[in-house]
Amino acid sequence: MMVRVFIVGALLMSAGALNAQSLSPAPTASPSLEQRVADLEAYVNNAARGSDSANAKTVSNISGPGPGHNGWMMTASALVLFMTLPGLALFYGGLVRQKNVLSILAQCLGIAGLVAILWWAVGYSLVFSRGSPVLGGLRFSFLHGVDARPNGDYSYWVSQNIFAMYQLMFAIITPALIIGAVAERMRFAAVLAFVAVWMFVVYFPIAHMVWGIDGLMNGVWNEHARITAIDFAGGTVVHMSSGWSALVLCALLGPRLGFRKEIMAPHSMVLCMVGSGMLWVGWYGFNAGSALGADAIAANAFTTTTMATAVASFTWAMLEYVLRGKPSVLGFCSGAVAGLVVITPACGYVDPTGAVIIGIAAGIVPFFACTKLKSWFHYDDALDTFGVHAVGGTLGAFLTGLFATETVNGNLSGAPATQNGLTKVIGHSLWLEQLKAISITIFLAVVASAIIGLVVKTAIGLRIAPEVERQGLDINEHGEEGYMVSG
């Protein structure tokens with residue numbers, strides 16, 4: 001048996017050596033058999049190679065990326081893009097009126113292209129290069145040096161160009177979520193202008209503070225973090241930042257014409273259901289992919305994402321059943337998305353039972369936020385971006401502080417987490433650290449979005465003309481119609 005293990009190991013090492021020839025310099029000394037076996041174990045466990053240490057005297061024969069982890073991360077990247085195109089586009093598109101369906105698709109496509117350009121130019125660098133606790137530097141501007149070699153700050157086995165593309169998909173979907181609150185009444189040019197500035201002022205700083213290796217709120221990996229908070233896949237970075245910004249923007253725009261006077265029912269619940277199903281499928285790349293490898297933590301994130309989402313979908317619809325007498329498809333879909341949102345920051349840190357509890361909370365709290373808050377305060381959050389993403393993201397960030405456990409994710413008890421005191425707060429006062437991160441995220445998103453929105457409103461205007469709104473954005477803003485009626 002041992003002979004077979006060493007034969008397989010030798011074959012893997014040989015393949016890795018061929019792959020590494022174009023990725024790294026020749027070893028300064030040949031690694032011993034013991035070191036080579038240790039590297040193979042590191043690959044299987046998604047851990048650091050022995051030669052990654054500062055005092056290593058040899059270079060690993062497999063110093064390049066690991067094909068399995070790279071393969072999973074390319075798949076996860078495609079899944080996260082699938083969440084926006086076509087998942088979110090169809091989910092939101094089905095919820096608006098027929099005359100505005102193409103405007104949602106165009107905004108999702110436009111944001112994808114715009115953010116990709118910003119990410120290539122400076123966005124990736126501002127988030128993931130070393131810099132200050134609030135914002136990264138310009139080392140990776142224009143993706144300079146972002147090649148097939150791994151960046152050891154974030155992953156030992158995933159090519160940095162794949163890591164950069166994976167994180168780009170997060171950067172794309174985050175501002176795309178905002179358009180749900182302002183649907184059917186915001187100019188396309190204003191959407192692009194707002195998003196372009198918002199990425200620099202809100203998304204890039206928050207993403208660096210939470211995920212950057214020297215970020216202010218990176219409680220797992222930054223031993224000098226001032227706030228030892230945790231966010232596995234984007235509760236603060238993605239959902240809170242977009243959701244709270246969406247509330248501000250929809251307040252600046254004002255309600256749609258006929259709001260609370262006319263019926264503005266979704267034009268296609270079929271599209272909504274198809275889109276929500278795509279979101280659920282794509283979210284596995286979002287959450288399990290955030291493990292940055294096909295490892296045990298990814299498996300746990302996959303499991304907890306499934307449980308929380310299913311439970312939340314069922315809970316939301318059953319609340320409708322009890323309170324209104326009918327469980328709606330929209331209720332099932334909204335509950336599923338709420339479950340996905342709330343479990344996101346916790347999925348890699350909680351066990352399945354914690355996920356079920358989080359799923360129940362996700363089915364209850366956003367339900368009342370969407371059904372009661374709007375009627376109390378009369379804001380027109382057209383597609384419930386605030387109720388689901390802001391409220392759900394905030395709830396998830398807080399519950400992560402209550403249910404995170406070291407038994408699920410050993411990184412919570414390993415270096416440098418031990419050095420920065422994170423292990424002292426797990427199960428004790430982590431929720432206080434989460435509240436600090438929540439407060440900073442809300443403050444930055446709300447204040448910055450208000451300023452950006454006012455500037456764009458003054459410069460080019462935010463809202464379409466009343467006659468355009470009555471006729472619909474599709475034909476007026478894009479010269480097309482989503483549905484052609486034959487004579």
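Colleague: How many aromatic pairs does the structure hold?
Modeller: This is a predicted model. Rings pair if their centres lie within 6.5 Å. The number of aromatic pairs in the structure is 25.

Colleague: What kind of pair do Trp 119 and Phe 128 form?
Modeller: Their ring centres are 6.3 Å apart. Their planes stand at 75 degrees. Planes over 60 degrees apart count as edge-to-face, so the pair is edge-to-face.

Colleague: Is Trp 119 buried or exposed?
Modeller: Buried means under 20% relative accessible area. Trp 119 has a value of 1%.

Colleague: Are the planes of Tyr 284 and Phe 302 stacked or edge-to-face?
Modeller: The centres of Tyr 284 and Phe 302 are 4.1 Å apart, with 15 degrees between the planes. Planes under 30 degrees apart count as stacked. This aromatic pair is therefore stacked.

Colleague: Which helices does the pair link?
Modeller: Tyr 284 and Phe 302 are 18 residues apart, in distant parts of the chain. Tyr 284 is in residues 269-287 and Phe 302 in residues 296-324. These are helix α8 and helix α9.

Colleague: Is Phe 302 buried or partly exposed?
Modeller: Tyr 284 counts as buried, at 14% relative accessibility. Phe 302 has 40%. Buried means under 20% and exposed over 50%, so Phe 302 counts as partly exposed.

Colleague: Which residue lies over the face of Trp 157?
Modeller: The residue is 3.8 Å from the ring centre of Trp 157. It is Arg 49.

Notes: Residues numbered from 1 in each chain as written. Predicted model: local features only at pLDDT ≥ 70, side-chain atom pairs only at ≥ 80, totals over all residues. Heavy atoms only, no water. Phe/Tyr/Trp six-rings, centres within 6.5 Å; stacked < 30°, edge-to-face > 60°. Buried < 20%, exposed > 50% of the residue type's maximum accessible area, 1.4 Å probe, protein only. Helix = DSSP H or I, 4+ residues; strand = E, 2+ residues; numbered from the N terminus. Lys NZ or Arg CZ within 6 Å of the ring centre and 35° of its normal.
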